[in-house]
Amino acid sequence: APVQLSRRRFVGLGMAACAAAVTASATTLWFKGVGSPFADLQTAVGERRVVQLPDGSSVELAGNTALNVDFSETKRALELLQGEAFFTVLPDAAGELVVSTPAGRVVAREGEFCVSCDDATTMLAVSRHTVQVRTAGQQTDLGEGFSLRFSATHTGAIQRAELDQVLAWRNGRLVFFDKPLLTVVNELQRWRTGKIFIADQQLAARRVSLILNLNRPDQMLDVLAKALSVRMSRYTDLVTVIHAV
């Protein structure tokens with residue numbers, strides 16, 4: 001005789017199936033690099049987008065970036081949820097423009113600057129005028145041509161900004177000079193679909209100098225492999241592991 005399911009059992013199995021489907025979908029989105037699907041402004045992996053803000057300022061979003069916007073007659077507020085963005089800020093009667101990140105806030109009345117954030121820190125590079133960083137315990141003014149990395153609990157040293165490298169993505173390139181492989185890989189996650197893993201810490205610390213073409217994301221790992229003499233193991237289109245030779 002056929003097995004009979006009670007209504008409660010049937011509903012329970014249905015909910016379990018839905019939960020499994022949601023988990024599988026979330027896992028796929030994570031491997032594809034999609035992290036904030038409900039942001040006001042967002043870009044896909046590999047996409048670049050310029051958006052005019054209500055006050056006439058503008059923001060250029062790098063790949064896999066998510067941003068919330070909250071503007072009024074008395075407030076200019078944005079929240080960078082993930083990724084990297086270049087801001088061109090015009091003076092306005094509403095006062096300071098504030099970009100909030102998990103690590104702290106970036107504040108400017110006018111100017112041009114680039115903000116990028118990862119899980120724990122935020123990087124600010126200023127290309128025009130002066131921009132202020134505000135964290136829980138410190139305020140720091142950052143002048144034109146300088147950069148600063150900060151977290152919620154620590155503000156690093158002010159350094160000369162390598163603007164030709166930091167802003168190269170706006171011209172369709174990624175430029176790295178003497179950077180750890182881990183830094184390069186983290187940057188690549190914004191520009192090509194799939195997750196990249198490094199097999200060991202010693203390899204992750206190896207220094208890299210190279211230029212990548214954002215218009216050819218399919219060639220990025222091949223260029224990296226030749227520059228470092230490493231081996232790439234690909235497991236579907238979504239997972240790549242870098243091994244030392």
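Is threonine 88 buried or exposed? In this predicted model, threonine 88 has a relative accessibility of 18% and therefore counts as buried, the cut-off for that class being under 20%. The residue belongs to strand S5, which spans residues 76–89. When residues up to four places away in sequence are set aside, the contacts of threonine 88 are with Ser57, Ser58, Gly111 and Glu112.

Strand S5 also contributes to the ionic pairs of the structure. A search of the whole structure returns 12 salt bridges. One of them joins arginine 76 to aspartate 55, with a separation of 2.4 Å between the closest N and O atoms. Arginine 76 is located in strand S5, whereas aspartate 55 occupies the loop between strand S2 (49–52) and strand S3 (58–61); the pair therefore ties together parts that lie 21 residues apart in sequence. Both arginine 76 and aspartate 55 are buried.

A further salt bridge is formed between arginine 170 and glutamate 60, where the closest N and O atoms are 2.8 Å apart. Because arginine 170 is found in the loop between helix H2 (163–166) and strand S14 (173–180), and glutamate 60 in strand S3, this pair ties together parts that are 110 residues apart in sequence. With a relative accessibility of 32%, arginine 170 is classed as partly exposed. Glutamate 60, in turn, counts as buried at 11% relative accessibility.

Arginine 134 and glutamate 96 make up another such pair, with 3.1 Å between the closest N and O atoms. Distant parts of the chain are linked here as well: arginine 134 is in strand S10 (residues 131–134) and glutamate 96 in the loop between S5 and strand S6 (97–101), 38 residues apart. Glutamate 96, at 29% relative accessibility, counts as partly exposed. Salt bridges with shared partners also connect Glu84, Glu187 and Arg190 into one network.

Notes. Residues numbered from 1 in each chain as written. Predicted model: local features only at pLDDT ≥ 70, side-chain atom pairs only at ≥ 80, totals over all residues. Heavy atoms only, no water. Helix = DSSP H or I, 4+ residues; strand = E, 2+ residues; numbered from the N terminus. Buried < 20%, exposed > 50% of the residue type's maximum accessible area, 1.4 Å probe, protein only. Contact = heavy atoms within 4.5 Å. Salt bridge = Lys/Arg side-chain N within 4 Å of Asp/Glu carboxyl O.
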